[in-house]
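Here are my notes on this model, point by point. Please read them with the coordinates open.

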Amino acid sequence: MARRTAGHPLRRVRQGDRAGGDALTGVPLAEDEADGLTADLVAMVDGFASAGPRHWRALTARRRRERWLAGLITGVRGQHVPVAANSALARLASYAEDGGPLDARTAAVELLNIIRPATAVAWFVAYAGHALDHWPATGTALRTGDEDFTTAFVHEVRRFYPFAPFLGGRATRDLTFQGEPVPRGTLVLLDVYGQNHHPALWPEPYAFRPERFLGREPGALDLIPQGGGDPRTGHRCPGEKMTVALLGTLVQRLARLDYYVPPQDLSIDVSRIPARVASGFRIVVP
């Protein structure tokens, strides 16, 4: 996306009225730290389910930021780092378990688990820009602030575009799935892209139609861009609702921007995890 954005995720994760105000992490960030932190957060997301250089960059970035956040946790506990009382940083620094506070590294991991997913939403914002460029009529209702259409648009972006085209795992025991034996240790792939484009679930699956979600709440096992089932018991992202709320605010802002899309490569490789618009979807804001 263009350099003009809604702000750095550590400074302010703004969800607006749709999600009940501003969520502050409480993490202090100097201006000269922003670029390095942004690069590390992007590397962590871009290394999701990957191997080779992207994986090692993500691992290095994650370790570096866990150490940094652990230092901040320790500073808050020692009253050397000022922090807002209700921020995520303050709450994790003071959180007690089994009679004592979490060790600094565990608290840092949990804090990073709040910050990193907010960065991942940037991929969906790029998809939304791609959709608005290809289907500009969908921007009209977004610009008016139509909440029902905005939520429907967000669901359709998450269905249509493949952040994770597929997910892999190994069977932990011998089992049978729909009559097929799956021996223990077998590598199993979940075809997320195929599920989200299955014609039995989605009429005209390769048409971008937000209206398919108007008046319809997606089922737990049909729309699965962030996993399926119940997040309390199954493999579904517990931050999905926050993703939908944050993305809804951002797509409305994007639709209201006065910008143009310069010539670029707008192809999307569905064999890459996470899939991305080849150019990153660049826009120019006059």
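1. Charge first. The protein chain carries 34 positive and 30 negative side chains, and the centres of the two sets lie 3 Å apart. Lys and Arg count as positive, Asp and Glu as negative; His and the chain ends are not counted. Each charge is placed at NZ of Lys, CZ of Arg, CG of Asp or CD of Glu.

2. Ground rules. This is a predicted model: local features need pLDDT of at least 70, side-chain atom pairs count only at pLDDT 80 or more, and totals for chains, interfaces and linings use all residues. Residues are numbered from 1 along each chain as its sequence is written, and side-chain values use heavy atoms, with hydrogens and water left out.

3. Overall fold. The protein chain has 8 helices and 8 strands. These are DSSP runs, numbered from the N terminus: helices are H or I with at least four residues, strands E with at least two. The radius of gyration is 20 Å, close to the 19 Å of the globule rule for 286 residues, so the chain is as compact as a globular protein of that length. That radius is taken over C-alpha atoms; the rule is 2.2 Å times the number of residues to the power 0.38.

4. Buried residues make up 43% of the 286 residues. Buried means under 20% relative accessible area, exposed over 50%, partly exposed in between (1.4 Å probe, protein chains only). Of the contacts with a separation of 6 or more, 64% join residues 24 or more positions apart. Contact means heavy atoms within 4.5 Å.

5. The largest core. A nonpolar core is a set of buried Ala, Val, Leu, Ile, Met, Phe, Trp, Tyr and Cys residues joined through side-chain atoms within 4.5 Å. The largest has 33 residues; Tyr127, Phe153, Val157 and Phe163 touch the most other members. H4 (104-134), H5 (139-144), H6 (147-160) and H8 each supply at least two residues of this core. H4 gives the most, with 10 residues.

6. The second core. A separate core of 24 residues includes Leu29, Leu69, Leu92 and Leu102.

7. Most residues other than glycine have a negative phi, and most peptide bonds are trans. Glu204 has a positive phi of about 50° and is exposed, at 53% relative accessible area. Phe281 has a positive phi near 60° but is buried, at 0%. The peptide bond from Ile273 to Pro274 is cis, with omega near -10°. Pro274 sits in the segment after H8 (240-256).
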